[in-house]
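The following note is intended for a reader who is new to protein structures. Please keep the model open while working through the numbered points.

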Amino acid sequence: MTRNKSSVLFFSAVRKMARWQRTAWRLAPHALFKDLMTPSSERPAAAGKVARKRPPAGRPPRDAGPDEADAAPFAGTWKARVYRTPPTPGAWPVRLSYFVYAPPGLRKGCPVLVMLHGCEQTARDFAVGTRMHRIADREGVLLVYPQQSRRGQQNRCWHWYQPDAAHGYAEADAIAGIAAAAATDSQADPSRIYIAGLSAGASMAALVALRHPDLFAALGMHSGAALGSARNAGQGLRVMRHGVDAAPEQAMAALVAERAGFPGMPAIIVQGEDDTVVDKRNGWQLFEQLAWANGMDVDDSAVAQEKSAGNARHHRRTDAPTRRGPVVSVCTVPGLGHAWSGGDGRVRFHARQGPNASLLMWRFFKGRRRAG
């Protein structure tokens, strides 16, 4: 009897533990992304409101990230701010920190570039790793770095894979609010607001831009997942690994309800050919999807051009054919993994090799204005 009673208690405990684990799995999809984003070598065996902090001039935000010093220091000033979405019926409230970098001598009517970090990154990591401040200092661009919190998502992933009012859409609307607030505060040019991101930040940047085409003039995506086919973390991982099965008009239906009435969203995509986190198929599928959103259908006339062949900046660029010049472009980088091309290789998810993705994107953005 004692042995049978012990067995009953043991298996009862096992069943309870199994139920607890299933519940934890549903509540913590971040575990899926944690495993995927960690290289095997690092895994163990078997509305803008009050500034909380003002980082000193010439230094990026200090709240997280590695201490690698950029060879070209930040010459401008940083402001740390907090944005809270206004109370709206049916909308999920969002609170996000964001950091604004103003280069020296910033003028009224300047352009604005919103930069979204990827999973397991902070705004500081992304600022140092992309070296976008070098371009901002030279071109007079206001940089804005929203930051996902650990409370919002344990691995700081944006919820691009969960497009609903309580997750992805709520974050997208908050980021759009941050962009508008930063532009107003700095008296920037409202027709020259751009957005770019890496990995999860790239997919979120697309969600933001497509939801708010009246605010953003162009989009940049580096190592982002194809759009429109994920509704939860598991589906998001499948897209990252395999791309999407749906045709552009099917996948984009929820994001661009009426193609004829969509004002367009110029976009540049950068994708590493050796990316083991976001498969390279995603880069070409994004190209097809965004070309479709801009009223173009990609066919055999879209021919890749070799750029900087024979050196470390080599890449292949394909433009969607149009008389207006390149409205959607994809740049594939041979040998590049899941990392920002031509960045600071000392910072995780950034690589020294490949073309300077920051410069590629800025050249694509520069001169583009939002119609109307």
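Is H222 buried or exposed? H222 is buried, with a relative accessible area of 0%; buried means under 20% relative accessible area, exposed over 50%, and partly exposed in between (1.4 Å probe, protein chains only).

1. Basis of the note. This is a predicted model, in which local features need pLDDT of at least 70 and side-chain atom pairs count only at pLDDT 80 or more, while totals for chains, interfaces and linings use all residues. Residues are numbered from 1 along each chain as its sequence is written, and side-chain values use heavy atoms, with hydrogens and water left out.

2. The surroundings of H222. This residue lies in strand 7 (residues 218–222). Here helices (H or I, at least four residues) and strands (E, at least two) are DSSP runs, numbered from the N terminus. Residues up to four places away in sequence aside, H222 touches G197, L198, S199, A202, V270, L336, A339, W340, S341, A357 and M361, where contact means heavy atoms within 4.5 Å.

3. The disulfide. A search of the whole structure finds one disulfide, the term being used for a pair of cysteine sulfur atoms within 2.5 Å. A disulfide is a covalent bond between the sulfur atoms of two cysteines. The pair consists of C119 and C157, with sulfur atoms 2.0 Å apart. C119 lies in the loop between strand 4 (112–116) and helix 3 (123–130), and C157 in the loop between strand 5 (142–147) and helix 5, so the pair ties together parts that are 38 residues apart in sequence. Because the torsion about the S-S bond of C119 and C157 is about 130°, the disulfide is right-handed. Both C119 and C157 are buried.

4. Two further cysteines. C110 is buried, at a relative accessible area of 5%. C331 is likewise buried, and its relative accessible area is 0%.

5. The packing of helix 5 against helix 6. Helix 5 (residues 168–185) and helix 6 (residues 200–211) pack at an angle of about 70°, their axes being 9 Å apart. That makes helix 5 roughly perpendicular to helix 6. Axes are lines fitted to C-alpha atoms, for helices over the stretch in contact, and angles run from 0 to 180 degrees between N-to-C directions. Angles under 35 degrees count as roughly parallel, over 145 as roughly antiparallel, 65 to 115 as roughly perpendicular and the rest as oblique.

6. The residues of that contact. From helix 5, G168, Y169, E171, A172, D173, I175 and A176 meet M204, L207, V208 and R211 of helix 6. The residues of this contact divide into seven nonpolar, one polar and three charged. In this count Ala, Val, Leu, Ile, Met, Phe, Trp, Tyr, Cys and Pro are nonpolar, Asp, Glu, Lys and Arg are charged, and the others, Gly among them, are polar.

7. The nonpolar cores. The largest nonpolar core has 58 residues, and those with the most contacts inside it are I175, I195, L210, F216, L219 and L290. Helix 5 gives the most to this core, with ten residues. Apart from it lies another core of 38 residues, including W78, L113, A218 and L360. A nonpolar core is a set of buried Ala, Val, Leu, Ile, Met, Phe, Trp, Tyr and Cys residues joined through side-chain atoms within 4.5 Å. Leaving out residues up to four places away in sequence, L210 touches L227, M252, L255, V256, F262, M265 and L290.

8. Two positive phi values. Most residues other than glycine have a negative phi, and most peptide bonds are trans. Phi of Q187 is near 55°, a positive value in a residue other than glycine. Q187 is found in the loop between helix 5 and strand 6 (193–198) and is partly exposed, with a relative accessible area of 45%. F349, also not a glycine, has a positive phi of about 70°. F349 sits in the loop between strand 11 (328–333) and helix 10 (357–365) and counts as buried at 11% relative accessibility. From C-alpha to C-alpha, F349 and E120 are 9.2 Å apart in space, although 229 residues apart in sequence.

9. Q289 and K280. Q289, in helix 9 (residues 281–293), is buried, with a relative accessible area of 1%. K280 is found in the loop between strand 8 (267–272) and helix 9 and is partly exposed, with a relative accessible area of 48%.
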